[in-house]
Amino acid sequence: MAKLKAHYVCQACGSDHSRWQGQCPDCAEWNTLVQESAAPTVFSQKHDLSTGGRAIELVGLDAEVALPVRVSTGIAEFDRAVGGGIVPGSAMLLAGDPGIGKSTLLLQVAAAVASAGKGAVYVSGEEAVDQVRLRALRLGLGAAPVKLASVTSVRDILTTLQGENPALLVIDSVQTMHSDLIEGAPGTVSQVRASAQELIRFAKERGTALILVGHVTKDGSIAGPRVLEHMVDAVLGFEGERSHQYRILRAVKNRFGGTDEIGVFAMEGAGLAEVPNPSALFLTRRDDPVSGTAIFPALEGTRPVLVEIQALTVRLASGATPRRSAVGWDSSRLAMLLAVLEARCGVSFATAEVYLNIAGGYKLQDPAADLAVAAALVSALSERPVPAEAVVMGEVALSGEVRQAAHTQLRLKEAAKLGFEEAWVPGGVEAKGIKVARFGQLRGLVEKVTGR
Ligand code: TYD
Ligand code: MG
């Protein structure tokens, strides 16, 4: 019999290694490799896997299939993000920073489902029953028939639920759950995995939609094993800045729908309010245009969101190294735009400090915002405002060419809907219902802003 080799499994990412190391070579976490007892391999005549099994009928792709039935939660922004309502028997993982509003959101969702008579169970492993009740009172949901428990034992939860058949089961959070089939404290990889497995099995058997709350580590990944993300049908991220009002619910993975829709909420005194028209959230409409701002029609999934880009330049006494600072925008992309402006258009920021900010705490990653950022920068430097009724979009190449953005028409339609009259776009763009100014080169934009 072959000698059994010990193997070491990373408790953070689940990767398997033949020898112990201080740092996991796969995920770079320290002290996460743990020796696992190698199960004795049974060598028998049956080790040839091509015989002795059950032959399965292979089928074609084209057949009548029922679309997954979806249950509307009654919270339209939530339904939209998960792909049109929750799917019975599916498991979802809701991840987000502490304090972002996961418990608030799910209590509201549970209350909406329960109030519609569909049955919702909310299990908190983090808060006492009274804490959850107090929150419900604050949210004005005290009367909703949510079934509530504060418990961490998966066995207790599943035993209790034998007599129940809820449409929705919320577990807040999976890191607090404990399965007595496995050793170890709640929150460890094996506990999280085992607890999730049992809860997901229950959901599939009963046709209950399960939502697990998952904590996020400081680098933004979901705490616990990566495998958790593979075990669930959908991973939802709840994002936003805690100091800002807005929150975005986004499907990172969705076996039952797309990942291009988002739900937008605003955290208010009485919980999360739905924001059906997100553009209004990020725009400050003013009558007099101010220099250094430009409006960019961003896209969140397939939804246009108009955001305001603000730039400020401060003249420096010669000699000092000027600061460049960007909030909500990639600072190397800012450096690139400054370089293109200097090299291709002769606009120099060498003696100015440059500050760039995306209003409302919004984070922009779309390269189509280049032109709007450039417009804000040139406007700030020249102290000549971009017209308040104009939106600006287009990607800027290192050559100074302005390129088309994805979904141009969608963005222009939203801008027109919100009362913008003019669009500054790359060459070749046609649009109805809005006046367009086209720029093939960045130089053209600079001339338009500075009036020279
Ligand atoms: P919470 O749902 O507890 O966050 P998480 O479960 O993601 O850790 O919400 C946290 C914050 O939300 C809390 O700091 C206060 C704020 N909040 C409001 O602003 N309004 C409200 O009505 C509620 C319930 C919370
Ligand atoms: Mg919470």
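Reader: What makes glutamate 383 count as exposed?

Author: Its relative accessible area is 61%. The cut-offs are: exposed over 50%, buried under 20%, and partly exposed in between, with a 1.4 Å probe and protein chains only. Since 61% is over 50%, glutamate 383 gets the label exposed. Before we go on, this is a predicted model, where local features need pLDDT of at least 70, side-chain atom pairs count only at pLDDT 80 or more, and totals for chains, interfaces and linings use all residues. Residues are numbered from 1 along each chain as its sequence is written, chains are lettered from A and ligands numbered from 1 in the order in which they are written, and side-chain values use heavy atoms, with hydrogens and water left out.

Reader: Why is serine 90 counted as buried?

Author: Its relative accessibility is 3%, and that is under the 20% cut-off, so serine 90 is buried. Serine 90 belongs to the loop between helix H1 (76–81) and S4. Leaving aside neighbours within four places in sequence, its contacts (heavy atoms within 4.5 Å) include Ala203, Lys204, Asp233 and Phe256.

Reader: How do you know that S7 is largely enclosed by the rest of the structure?

Author: Count its residues: 5 of the 5 are buried, so S7 is largely enclosed. In a regular strand, side chains alternate between the two faces of the sheet. In S7, Leu168, Val170 and Asp172 are on one side, Leu169 and Ile171 are on the other, and all of them are buried.

Reader: Which strands pair with S7, and how?

Author: S5 pairs with S7 in the parallel sense over 5 bridges, and S7 pairs with S8, again parallel, over 4 bridges. DSSP has to find at least two bridges for a pair, so 5 and 4 both pass.

Reader: What kind of peptide bond joins aspartate 172 and serine 173?

Author: A cis one, with omega at about 5°. Serine 173 is found in the loop between S7 and H5.

Reader: What is the order of the 9 strands in the open sheet?

Author: S6-S5-S7-S8-S4-S9-S10-S11-S12, with mixed pairing. Strand S6 (147–150) and strand S12 (271–274) each have a single partner strand, so one side of each is left without a neighbour in the sheet and they stand at the edges. On average, neighbouring strands here are turned by 25° against each other, direction ignored. Strand S11 (residues 262–268) pairs with S12 in the antiparallel sense over 4 bridges, and methionine 267 has leucine 272 of S12 as its bridge partner.

Reader: Which strands does helix H5 lie across?

Author: Helix H5 (residues 189–206) lies across strand S4 (91–96), strand S7 (168–172) and strand S8 (209–215), running at about 160° to S8. Angles like this run from 0 to 180 degrees between N-to-C directions, using lines fitted to C-alpha atoms, for helices over the stretch in contact.

Reader: What is the order of the sheet of 3 strands?

Author: S2-S1-S3, an open sheet with antiparallel pairing. Strand S2 (16–17) and strand S3 (33–36) are the edge strands, each pairing on one side only. Strand S1 (residues 7–10) and S3 share 4 bridges, and cysteine 10 stands opposite leucine 33 in S3.

Reader: How many disulfides are found in the whole structure?

Author: The search finds 0. As for individual cysteines, cysteine 10 is buried at 1% relative accessible area, and cysteine 345 counts as buried at 14%.

How values were computed
Helix = DSSP H or I, 4+ residues; strand = E, 2+ residues; numbered from the N terminus. Disulfide = S-S within 2.5 Å.
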